[in-house]
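Subject: Handover of the structure and notes on what was found

Dear colleague,

I am handing over the structure shown below, and after it you will find my notes on what came out of going through it. Please keep the structure open beside the text as you read.

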Amino acid sequence: MGRITSFIKRKVFRMNRDRWNYQYDKGLWEGLKGLDELARFSVIIGYIKYLKPGQPEIVEIGCGEGLLQQRLQTQNYGRYVGLDISDRAIQTAQAQADGKCTYRVGDMDTYQPEGSFDLIIFNESIYYSRHPLETLLRYATHLKANGSLIVTINDHKHSDELWHRIRDGFDLLDEATTITAKSTCVCKVLLPKGAKSEL
């Protein structure tokens, strides 16, 4: 019976909390802490510090165990909200949180952020949305004036199609590609169509 349950958790639960909790319990996301992920995280942190020096308000959608917030460090933000569907991941993240950081369990397709933000980050998470463009557009309504979205997508067979769809709703401010021994990742800074950048 245990093998059947394991198979169902790995193969049938595609988008729900049980699937993600199973993967975190098994340590399947430990690789995100490795050296070959450093470049991607460093590019995001570089964009945060350049675009919004000081104490920006940030929401990260699909934050996992909070690795970006921990690497960014508390002096580089005024408020940080992390969202993930896995309560196991959020439990781990919360243990590392500081007084300016809040973690929430929720589904990116239904979650409604409270307030507005300088930066909204989807770090390797937007392709888990059922409707990526609509999701980004909805979150963009929570940007402050001169706010930006930072979106990273690992290079795979559907990534060009996904970027093409996203392009329909946003203007590109900048982009960077990181190549490691493990993968190629594209990071783009996006503005809502017609928004003016202060840079």
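A disulfide, as the word is used here, is a pair of cysteine sulfur atoms within 2.5 Å. Please also bear in mind from the start that this is a predicted model.

With that cut-off, a search of the whole structure finds zero disulfides. The closest cysteine sulfur to that of cysteine 185 belongs to cysteine 187 and is 6.8 Å away, which is too far for a bond.

Next, helix H3. This helix runs over residues 38–51, and its 14 residues reach 20 Å from the first C-alpha to the last, close to the 20 Å expected at 1.5 Å a residue. Its buried residues are Arg40, Phe41, Ile44, Ile45, Tyr47, Ile48 and Leu51. Because they cover an arc of only 155° around the axis, they lie on the same side of H3. What covers the buried residues of H3 includes helix H4 (67–72) together with several strands, among them E1 (57–61), E4 (117–123), E5 (143–154), E6 (170–179) and E7 (184–192).

The salt bridges come next, and the structure holds 12 of them. As a general point, side chains of opposite charge can pair when their charged atoms come close. In one of these bridges, lysine 33 pairs with glutamate 65, with the closest N and O atoms 3.9 Å apart. Lysine 33 lies in the loop between helix H2 (17–25) and H3, while glutamate 65 lies in the loop between E1 and H4, so the pair ties together parts that are 32 residues apart in sequence. The two partners can also be described by their accessibility: lysine 33 is partly exposed, with a relative accessible area of 42%, whereas glutamate 65 counts as buried at 12%. What else does glutamate 65 contact, once its neighbours within four places in sequence are left aside? Besides Lys33, glutamate 65 is in contact with Tyr24, Glu30, Gln70, Ala89, Thr92 and Ala93.

A further salt bridge joins the side chains of aspartate 118 and lysine 144, at 3.7 Å from N to O. This pair links distant parts of the chain, since aspartate 118 is in strand E4 and lysine 144 in strand E5, 26 residues apart. Aspartate 118 counts as buried, at 12% relative accessibility, and lysine 144 is partly exposed, at 28%. Both residues belong to a network of salt bridges that links Glu57, Arg79, Asp118 and Lys144. Aspartate 87 and arginine 88 form another salt bridge, in which the closest N and O atoms are 3.8 Å apart; aspartate 87 is partly exposed at 33%, and arginine 88 is partly exposed at 34%.

Turning to the aromatic rings, the structure holds four aromatic pairs. One of them is the edge-to-face pair of phenylalanine 122 and tyrosine 139, with 5.4 Å from centre to centre and 80° between the planes. Phenylalanine 122 is in strand E4 and tyrosine 139 in helix H6 (residues 132–140), so that the pair links parts of the chain 17 residues apart. Phenylalanine 122 is buried, with a relative accessible area of 0%, and tyrosine 139 is buried, also with 0%. The rings of tyrosine 127 and tyrosine 128 have their centres 5.3 Å apart and their planes at 75°, so this pair is edge-to-face.

Finally, a note on the backbone. In general, most residues other than glycine have a negative phi. Glutamine 73, although not a glycine, has a positive phi of about 80°; it sits in the loop between H4 and strand E2 (79–84) and is partly exposed at 41%. Asparagine 146, not a glycine either, has a positive phi of about 65°; it is found in strand E5 and is partly exposed at 34%.

Technical notes. Residues are numbered from 1 along each chain as its sequence is written. This is a predicted model: local features need pLDDT of at least 70, side-chain atom pairs count only at pLDDT 80 or more; totals for chains, interfaces and linings use all residues. Side-chain values use heavy atoms; hydrogens and water are left out. Helices (H or I, at least four residues) and strands (E, at least two) are DSSP runs, numbered from the N terminus. The expected span of a helix is 1.5 Å times one less than its number of residues. Buried means under 20% relative accessible area, exposed over 50%, partly exposed in between (1.4 Å probe, protein chains only). The arc is that of the directions from the helix axis to the C-beta atoms. Contact means heavy atoms within 4.5 Å. A salt bridge is a side-chain nitrogen of Lys or Arg within 4 Å of a carboxyl oxygen of Asp or Glu. Rings of Phe, Tyr and Trp (its six-membered ring) pair if their centres lie within 6.5 Å; planes under 30 degrees apart count as stacked, over 60 as edge-to-face and the rest as tilted.
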